[in-house]
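Take the sequence and the model side by side. We will walk from strand pairing to single residues.

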Amino acid sequence: MQDFDYVVLRYIWSDNSGLDLDTRTQLKIQGRDNLVLGWNRYSKDADYLEWAGDNTASGQESILVNMSKLSSDFGGQIKIEFAGFWYGERKSGQVVLEFTTYKGGSMTTEAYSWVNQGGTVVQNLSLTCNVVLSNNTQDRDSDGQKLAVLNYDVLSKKGQINATIRSFSCQIFH
């Protein structure tokens, strides 16, 4: 990944994928209370992460990451974990995780997503996964099926997205 101020993570799914994907996103920094964002969890973690709301049909849910604020408040490594499960009906289970990074501008929420005003897109990456866990699955983890992890080094301003493998497929597209 290249240097950026904000990242918007979009969990995107169609009617053919399923209904009501519940997302779970968590900032992991040693030595602080790391909140889980998403339905029936928190909607905001300080000024670092913010969830754009619960989409109970198909479409998208998204998380705004203020990497500038995170970088100024914490040194070293920052880790953000992404997970989800089907609260409604699971069909094909296919979900696209889209990572869009921005330099500058300000962010506003719009229809379960975030829009950058006045900045520029730095990079856009996507990862296609198959979410198996559903509300009806006996072994469902309340924090969902782990999908991916963003690792970011504050000093070098470099990041990497890694798919989490747990009996499902993920592919990264640049």
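This is a predicted model: local features need pLDDT of at least 70, side-chain atom pairs count only at pLDDT 80 or more; totals for chains, interfaces and linings use all residues.

How many bridges join strand S1 to strand S8? Seven bridges link them, and the two strands run antiparallel. S1 covers residues 6–13, and S8 covers residues 94–103.

Strands of a sheet pair through backbone hydrogen bonds, either parallel or antiparallel.

Step back to the whole chain. Its secondary structure comes to one helix and 14 strands. The chain has 174 residues, and 47% of them count as buried. Consider contacts between residues at least 6 apart in sequence: 68% of these join residues at least 24 apart. The chain exposes about 8,100 Å², with carbon and sulfur atoms supplying 45% of that area.

Next comes an open sheet. Five strands make it up, in the order S3-S2-S7-S12-S13, with antiparallel pairing. Strand S3 (36–37) and strand S13 (158–163) stand at the edges. Each has a single partner strand, so one side of each is left without a neighbour in the sheet. For S3, look to strand S2, residues 21–28: two bridges join S2 to S3, and the strands run antiparallel. Within this pairing, Thr-25 has Leu-37 in S3 as its bridge partner.

Follow the chain out of S3. Asn-40 lies in the loop between S3 and strand S4 (44–45). Is Asn-40 buried or exposed? Its relative accessibility is 55%, so Asn-40 counts as exposed; the cut-off for exposed is over 50%. Asn-40 and Thr-23 are 17 residues apart along the chain, and their C-alpha atoms are separated by 10.0 Å.

Finish in the helix. Lys-69 has its place in helix H1, residues 67–73. With 29% relative accessibility, Lys-69 counts as partly exposed. Which residues does Lys-69 contact, leaving aside its neighbours within four places in sequence? They are Asp-47 and Tyr-48. Tyr-6 is 63 residues from Lys-69 in sequence, yet the two are 9.2 Å apart in space, C-alpha to C-alpha.

Methods: Residues are numbered from 1 along each chain as its sequence is written. Side-chain values use heavy atoms; hydrogens and water are left out. Helices (H or I, at least four residues) and strands (E, at least two) are DSSP runs, numbered from the N terminus. Buried means under 20% relative accessible area, exposed over 50%, partly exposed in between (1.4 Å probe, protein chains only). Contact means heavy atoms within 4.5 Å. Accessible areas come from the Shrake-Rupley method with a 1.4 Å probe; for residues, only the protein chains shown count as cover. Two strands pair if DSSP finds at least two bridges between them.
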